[in-house]
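Subject: Structure for your review

Dear colleague,

Please find below the structure that I am handing over to you.

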Amino acid sequence: MKFVPKKPPLTGETLDSLTALLAARGEPAFRAKQILGWLYKRRARSWDAMTDLPKALRSWLDETFSLMPATLVLNRHSADVTDKLLLELEDGSLIETVIIRAPQEGVGLDRSRKTICISTQVGCAMACAFCASGLAGLKRDLSAGEIVAQLLQVCYCEDARTPRAKAELASFDNIVVMGMGEPLANYDALIEALTTLNADWGLGFGARRITISTSGLVPKMLKLAEEPLGFRLAVSLHGATDEVRSRIMPVNKAYPLAKLIPAVRAFSERHGRMVTLEFILIEDVNDSLEQAAKLRDIAGDVHAHVNLIPYNTVDGLPWRRPGVERQEAFAEVLRRADLSVTLRREKGHDIAAACGQLRLKTEKKRETGT
Ligand code: SAH
């Protein structure tokens, strides 16, 4: 499922592809780097801002590419520490990109941990029972250029916050591919985009600070393990037995735990780094102490970090988060086994809270005209 825009975005080009296009026009070899420097480092917002390019070349760029394929329609800056950017693409599709500034104990907001959460699809085909993104199914894949554009939009927001200098994307601690969509179902565009994100001619962000989260597409996980750039992996487990996982994640029927767990092990052995197992706690669905014990065994077996996430309620879905005591009891089972565990309890800055919920609300408003 692809959208073909009138003009492809410049953010979808690589140094090589742009160099080849420019060479065909007889332009000198340094031009491609110069243009991408204007885009990513100097953050030109118009072709005319690229003042040291010949006028004819600027006109050609204008005829050939869109400079930015995503428009910021809403920046919901919450009272806590989250910025949710709602972006509109050229076909009217809406996607979300989230900036999370999670304060660490004892330090001010300036020294807080900063994470960016990006989307890879409009909607999602995985149909996880608890998730807002999948409610209306998959609309389409994002192109590599649209994925990259989200990060440039984050740069624009940061530049506006700190006008004295172009803020470096490197001042963020992590980029997580945990927004809308199943990243590994849009594999080629994902890798292309992350390559631009990482490249020194692009946004220069370290691959080891980029985490891709998957619902568990096993063959693609194994392919990802072979990628030279070495991205981190998080797996949405959410059920520690096939019975529980299949009830809430249809993907478990194709790739049950007997296939998923060896793939997690293979990934971490290939990389020599821990994989994260994400486990949303949903009341009376997966929050029993039996599930905790099974999760403990799995995480111990594959030597994974466990991230427990109290469920964020979604309008129209019946699921609830368990009470704090129950969350703690669950976490305690894992901690007692000396596993590496995090349990997030802050509401607003939950990364997963980003997942499809703002888009859903806006689309509903569009439909009802309110
Ligand atoms: N498709 C990928 C990445 C996007 S979802 C994946 O499944 O991993 C990012 C994370 O948010 C996943 O772990 C997902 O299960 C979780 N999530 C979705 N809806 C949520 C909700 N309402 N509350 C808490 N976490 C949620």
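Predicted model: local features only at pLDDT ≥ 70, side-chain atom pairs only at ≥ 80, totals over all residues.

Residues are numbered from 1 along each chain as its sequence is written, and side-chain values use heavy atoms, with hydrogens and water left out.

Ligand site. The ligand has 20 residues around it, and G181, S213, S236, H238 and N312 come nearest (a residue is near a molecule if one of its heavy atoms lies within 4 Å of it). By class, the shell consists of nine nonpolar, nine polar and two charged residues (Ala, Val, Leu, Ile, Met, Phe, Trp, Tyr, Cys and Pro count as nonpolar, Asp, Glu, Lys and Arg as charged, and the others, Gly among them, as polar). At least two shell residues come from each of β8 (210-214) and β10 (276-281); helices (H or I, at least four residues) and strands (E, at least two) are DSSP runs, numbered from the N terminus.

The side chain of S213 places an N or O atom 2.6 Å from an oxygen atom of the ligand, and the side chain of S236 likewise has an N or O atom 2.6 Å from a ligand oxygen. From S215, a backbone N or O atom lies 3.5 Å from an oxygen atom of the ligand. Taken alone, the ligand exposes 530 Å², of which the protein buries 97% (Shrake-Rupley method, 1.4 Å probe).

Helix α2. This helix (residues 31-41) is largely enclosed by the rest of the structure, because nine of its 11 residues are buried (under 20% relative accessible area, 1.4 Å probe, protein chains only). Among them are W38, L39 and Y40. The buried residues of α2 pack against α1 (15-24), α3 (55-64), α4 (144-161) and α5 (187-198) (contact means heavy atoms within 4.5 Å). After α2 comes R43, with a positive phi near 55°.

Strand β5. G123 belongs to β5 (residues 121-123) and is buried at 0% relative accessibility. Its C-alpha atom is 9.0 Å from that of E182, which is 59 residues away along the chain.

Cysteines. The count of disulfides (cysteine sulfur atoms within 2.5 Å) is zero. For C128 the closest cysteine sulfur is that of C131, at 6.1 Å, which is too far for a bond. C128 is buried at 14% relative accessible area, and C131 is buried at 15%.

With kind regards

Methods. Buried < 20%, exposed > 50% of the residue type's maximum accessible area, 1.4 Å probe, protein only. Polar contact = N/O pair within 3.5 Å; in protein donor to acceptor, adjacent residues only side chain to side chain.
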